[in-house]
Amino acid sequence: MPRRTLLLNSPKGKGESTSELTDMLCNALGIANKIEDKKVFKEIVEKSLKGEGVTSKALSKNLKLPRSTVIYKLNYFIESGLVVRKGRQYFLRGSNLEDTIQQLEAEVENTFNRILKLASKLDELIGREIYGE
């Protein structure tokens, strides 16, 4: 499945608390617009740091959110490449958040390298058409 990684802006603020840092990261990645989105993401991070996964049912119960809302958000996090599903459990993609972001960075870099090669080849072919080579 193609990933959709969105980088909205560079994080702004001091990041003095887990809440502020969560907000900054979620805003930079465009992954959480609502408070409950950030709560779901933070819960996944906390569980993953303990080496545990979390089910949609547990997230729904712990955060007092409708399960449909939790599943919708989990699917979005999966699509963004931050979260993976193993059986019924959801985990960060990497062993921790830093590792997850580094994996995304490498994936984005590889994608841009492939796009650059395509752009270079297209420039070359269009140039031949223009100059009749």
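Helix 3 buries Ser56, Leu59, Ser60 and Leu63. These four cover an arc of only 100 degrees around the axis, so they lie on the same side of helix 3. The model described here is predicted. The protein has 133 residues, and 32% of them count as buried.

- An α-helix has 3.6 residues a turn, so residues three or four places apart point the same way.
- The buried residues of helix 3 are covered by parts of the protein that include helix 2, helix 4 and strand 2.
- What lies on the other side of helix 3? Lys57 and Lys61 are there, and they are exposed.

- Is Lys64 buried or exposed? Lys64 is exposed, because its relative accessible area of 74% is over the 50% cut-off.
- Most residues other than glycine have a negative phi.
- Lys64 is not a glycine, yet its phi is positive, at about 55 degrees.

**The overall layout**

- The secondary structure consists of five helices and two strands.
- Along the sequence, the order is α-α-α-α-β-β-α.
- Take the contacts in the protein with a separation of 6 or more: 47% of them come from residues 24 or more positions apart.

**The nonpolar core**

- In soluble globular proteins, nonpolar side chains tend to be buried together.
- The largest nonpolar core in this model has 22 residues. Ile31, Val40, Phe41, Ile44, Leu59 and Phe77 have the most contacts inside it.
- Which elements supply at least two residues each to this core? They are helix 1 (18–29), helix 2 (35–49), helix 3 (56–63), helix 4 (67–79) and strand 2 (89–92).
- Helix 4 gives the most to this core, with five residues.
- Val40 shows how parts of the chain meet. Setting aside neighbours within four places in sequence, Val40 is in contact with Leu59, Leu63, Leu65, Leu74 and Phe77.
- Two of those partners, Leu59 and Leu63, are among the buried residues of helix 3.

**Ile71 in helix 4**

- Ile71 belongs to helix 4.
- How far is Ile71 from Thr55, C-alpha to C-alpha? The two C-alpha atoms are separated by 9.5 Å, and the residues are 16 apart along the chain.

- Strand 1 (residues 83–86) and strand 2 run antiparallel, and four bridges join them.
- Which residue of strand 2 is the bridge partner of Arg85? The partner is Tyr90.
- The two strands form a hairpin with two residues between the strands. In this hairpin, Gly87 takes a positive phi near 65 degrees.
- In a regular strand the side chains alternate between the two faces of the sheet.

**Rings and charge**

- What sits over the ring of Phe91? The charged end of Lys86 does, 5.0 Å from the ring's centre.
- How many aromatic pairs does a search of the whole structure find? The search finds one.
- A pair of aromatic rings is described by the distance of the centres and the angle of the planes.

Conventions: Residues are numbered from 1 along each chain as its sequence is written. This is a predicted model: local features need pLDDT of at least 70, side-chain atom pairs count only at pLDDT 80 or more; totals for chains, interfaces and linings use all residues. Side-chain values use heavy atoms; hydrogens and water are left out. Rings of Phe, Tyr and Trp (its six-membered ring) pair if their centres lie within 6.5 Å; planes under 30 degrees apart count as stacked, over 60 as edge-to-face and the rest as tilted. A charge sits over a ring if NZ of Lys or CZ of Arg is within 6 Å of the ring centre and within 35 degrees of the ring normal. A nonpolar core is a set of buried Ala, Val, Leu, Ile, Met, Phe, Trp, Tyr and Cys residues joined through side-chain atoms within 4.5 Å. Buried means under 20% relative accessible area, exposed over 50%, partly exposed in between (1.4 Å probe, protein chains only). Contact means heavy atoms within 4.5 Å. The arc is that of the directions from the helix axis to the C-beta atoms. Two strands pair if DSSP finds at least two bridges between them.
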